[in-house]
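Keep the sequence and the 3D view open as you go.

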Amino acid sequence: MKHSPLQIARAWYMPKMPVAFQTDIELEEGESTESVADQEEIKNLFPYTYGQPIVKFVPGKSQEYPKITVGVILSGGQAPGGHNVISGLFDGLKRLNPANKLYGFIGGPGGMVAHKYTELTKEIVDAYRNTGGFDIIGSDRTKLETEEQFNSCIDICKQLGINAIVIVGGDDSNTNACVLAEYFKQKITGIQVIGCPKTIDGDLKNEVIETSFGFDTACKVYSELIGNIQRDAASSKKYWHFIRLMGRSASHITLECALMSQPNITIISEEVAAKHMTLADVVDDIARIIIDRAAAGKNFGTVLIPEGLIEFIPAFSKLIQSLNNLLAQNDEFSALPTADEQREYIKGSLNEEDLVTFRSLPIGIARQLTRERDPHGNIQVSLIETEKLLIEMVAKRLAQLKAEGVYKGSFAAIPHFFGYEGRCAIPSNFDADYTYSLGYTSSLLIANGKSGYMASVRNLSEPASQWQPIGVPITMLMNMEQRNGKRKPVIRKALVNLNDAPFKYLEKNRREWAANHSSFIYPGPIQYFGPSEVCDQPTNTLLLEHGKEV
């Protein structure tokens, strides 16, 4: 297989590591922990793993570790750095005992249940170091939730002599890890379970998990593209670019990309929800800035839009829920032959409030709400082209204002969606280093008998040598939420906090960015080589959260 010069060069990159890993260590345990909420319910559901302490690594005496065999699973959507989690895990295991083995389950949690696996040898692992994607063993979104699945996992672990499982994934995947760890302890299997925090969306974060891996790389990929578009906008001076970015449940990506590129308009879903804004309010805010810029002779600009925006608008959230209830497993609706007939069926079935919202939508967007449903019959909101919806509604509003003599400019808009472009990028130095340390931390947690823990690394705004690896009980991150009509234990998602420094920085500067295109920043591509201040910087979000300047 032929490789690009960059692939060849990156294969030789040696991830930077915390000083803690360069000496003999032992684990130091803190106080008992509690779940982030719903303590009694979580404790009752996880009696064997609840209340474990946070552990940190401190200098210790050299010791011999018995041979262990570990299985690793990549779960959920891809994120840059997954291969380096495996590399760090493999190297950590081999350093502890050269006889240790690592198996990879092929195709995610479903591969473990179906007993599909391969031994990950040095030759295999070396071929994937510092590369993007999850293709070393693949991934899927199978939820581990039945006794039949759990017992199948136990069977394959016994067959291969596996002592521990590492699950690399987001909040749902690490909830799986917590449930699996509890079951394994309950059944006295001796099989440990460790999780690693992955998601480009950045919503797996809290007081002990500073960021999820992949967020840094994805934001840098998107910000390069935004910067390129802004350079074109400033050059041609004739287009408004509406750019939708991944992040359905939270707006962390949109916020970070705004901090990196300084666009004219940034919509943050959590702010829209907090201000109880309607879609018309959002459209009016955009139109106001377009009018102000047009008055200054600037009929161009950039708008950043989070993928999950419409779910944060109360009227639309209610409409989506009504449509989910109406259309899930609805054979009568499915049998209708044309889109127009389906639209009329919906209009005749909605209550008056939802009908008003539905009628306010452009026909193309309204049709998207009735197509491409997920396996549960729910609308796939991420497929709704919000950027096109806003362009159409803003154009209509500007036409009204032009007829009233308020607006005298010209409006030509181009839609964009940046999503999968960031998921499998070659990881940035930060993500390559961070994920390697997460994998290495996992090996040490396993060697010291821990289960039901998530590997974490703190102090990430400092150089990698000063990072602090720790182990966090997964039950500490959990609360109860309503899912499909039932209360279920899940890891709490982190939304953008409007009181935190990153949003406050946007809030302080957005008026200037709206008015002045010379505020545009052009981040350029990810830099893998060069001075540390260019190549190794974490996200602006992390820097601001740690009280540093950007």
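**Exercise 1.** Which helix gives the most to the lining of the second largest cavity?

**Solution.** Start with the ground rules: this is a predicted model, where local features need pLDDT of at least 70, side-chain atom pairs count only at pLDDT 80 or more, and totals for chains, interfaces and linings use all residues. Residues are numbered from 1 along each chain as its sequence is written, and side-chain values use heavy atoms, with hydrogens and water left out.

A cavity is a set of points, on a 1 Å grid over the protein atoms alone, where a 1.4 Å probe fits but cannot get out; lining residues have an atom within 4 Å of a point. Helices are DSSP runs (H or I, at least four residues), numbered from the N terminus.

Step 1: list the lining, which is Ala339, Gln342, Arg343, Phe358, Ala366, Arg367 and Thr370.
Step 2: find the elements giving two or more residues, namely helix H14 (339-347) and helix H16 (363-368).
Step 3: pick the top contributor, H14, with three residues.

**Exercise 2.** Find which residues line the largest cavity, and sort them by class.

**Solution.** Step 1: the lining consists of Gly202, Lys205, Glu210, Thr211, Phe215, Thr539, Thr541, Leu542 and Glu545.
Step 1: apply the classes (Ala, Val, Leu, Ile, Met, Phe, Trp, Tyr, Cys and Pro are nonpolar; Asp, Glu, Lys and Arg are charged; the others, Gly among them, are polar).
Step 2: helix H22 (residues 540-545) gives the most here, with three residues.

Definitions and conventions. 1 Å grid on protein atoms, 1.4 Å probe; cavity = no way out; pocket = protein on both sides within 12 Å on 5 of 7 lines; lining within 4 Å.
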